[in-house]
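Subject: Structure handover, with notes

Hi,

Here is the structure I promised to pass on.

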Amino acid sequence: MTEEIELPEAVDRAIDECIRENVLRDFLMEHRAEARAMSIFEYDQERHMQQEREAGIEKGKEQLLHR
């Protein structure tokens, strides 16, 4: 069974793993807070866009039904 974790914790774990594996190590060590914030913001933006698309589809369906 897969463990569910919150997005901020997942981002922290990913950053820690990248640093351990020497992936963008210097950058992440210097700009960890900015990388973390941007990762969370970008994720939320994508989620918001998906919700907007879904709401638009529902609105279109309702408009077709009420013609």
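Below is what turned up, starting with the overall layout and ending with the surface.

First, the housekeeping. This is a predicted model, so local features need pLDDT of at least 70 and side-chain atom pairs count only at pLDDT 80 or more, while totals for chains, interfaces and linings use all residues. Residues are numbered from 1 along each chain as its sequence is written, and side-chain values use heavy atoms, with hydrogens and water left out.

Overall layout

The protein chain has 2 helices and 0 strands; both kinds of element are DSSP runs numbered from the N terminus, with helices being H or I of at least four residues and strands E of at least two. Its radius of gyration is 19 Å, well over the 11 Å that the globule rule gives for 67 residues, so the chain is more spread out than a compact globule. (That radius is taken over C-alpha atoms, and the rule is 2.2 Å times the number of residues to the power 0.38.) Along the principal axes, the C-alpha trace spans about 60 × 30 × 15 Å.

Helix H1 covers 7-20 and helix H2 covers 25-65. Glu-58 is partly exposed, at a relative accessible area of 42%.

On burial, the cut-offs are under 20% relative accessible area for buried, over 50% for exposed and partly exposed in between, using a 1.4 Å probe and protein chains only. Buried residues make up 9% of the 67 in the chain.

In soluble globular proteins, nonpolar side chains tend to be buried together. Here the largest nonpolar core has 6 residues, namely Val-11, Ile-15, Ile-19, Leu-28, Ala-35 and Ile-40. H1 and H2 are the elements giving two or more residues to this core. (A core is a set of buried Ala, Val, Leu, Ile, Met, Phe, Trp, Tyr and Cys residues joined through side-chain atoms within 4.5 Å.) Leaving aside neighbours within four places in sequence, Ile-15 is in contact with Leu-28, Arg-32 and Arg-36, where contact means heavy atoms within 4.5 Å.

Both of those arginines turn up again in the salt bridges. A search of the whole structure finds 5 of them, counting a side-chain nitrogen of Lys or Arg within 4 Å of a carboxyl oxygen of Asp or Glu. One of them joins Arg-36 and Asp-12, at 2.7 Å from N to O. Arg-36 lies in helix H2 and Asp-12 in helix H1, so this pair ties together parts that are 24 residues apart in sequence. Arg-36 is partly exposed at 29% relative accessibility, and Asp-12 is partly exposed at 21%.

Another salt bridge is between Asp-16 and Arg-32, with the closest N and O atoms 2.7 Å apart. This pair also links distant parts of the chain, with Asp-16 in helix H1 and Arg-32 in helix H2, 16 residues apart. Asp-16 is partly exposed at 32%, as is Arg-32 at 28%.

Elsewhere, Arg-53 forms a salt bridge with Glu-46, the closest N and O atoms being 3.5 Å apart. Arg-53 is partly exposed at 41% and Glu-46 is partly exposed at 48%.

The loop and the patch

Now for the loop between H1 and H2, where Asn-22 lies. Asn-22 has a positive phi of about 65° although it is not a glycine, and it is exposed at 57%. Leu-24 is in that loop too, with a positive phi near 55°, again in a residue other than glycine. Leu-24 counts as exposed at 58%. Val-23 also lies in the loop and is partly exposed at 40%.

Val-23, Leu-24 and Phe-27 make a nonpolar surface patch of about 290 Å². Patches are made of residues with over 30% relative accessible area and no salt bridge, joining like charges within 9 Å and nonpolar side chains (Val, Leu, Ile, Met, Phe, Trp, Tyr) within 5 Å.

Cheers

Note on methods: Areas by Shrake-Rupley, 256 points an atom, 1.4 Å probe, with all protein chains shown as cover.
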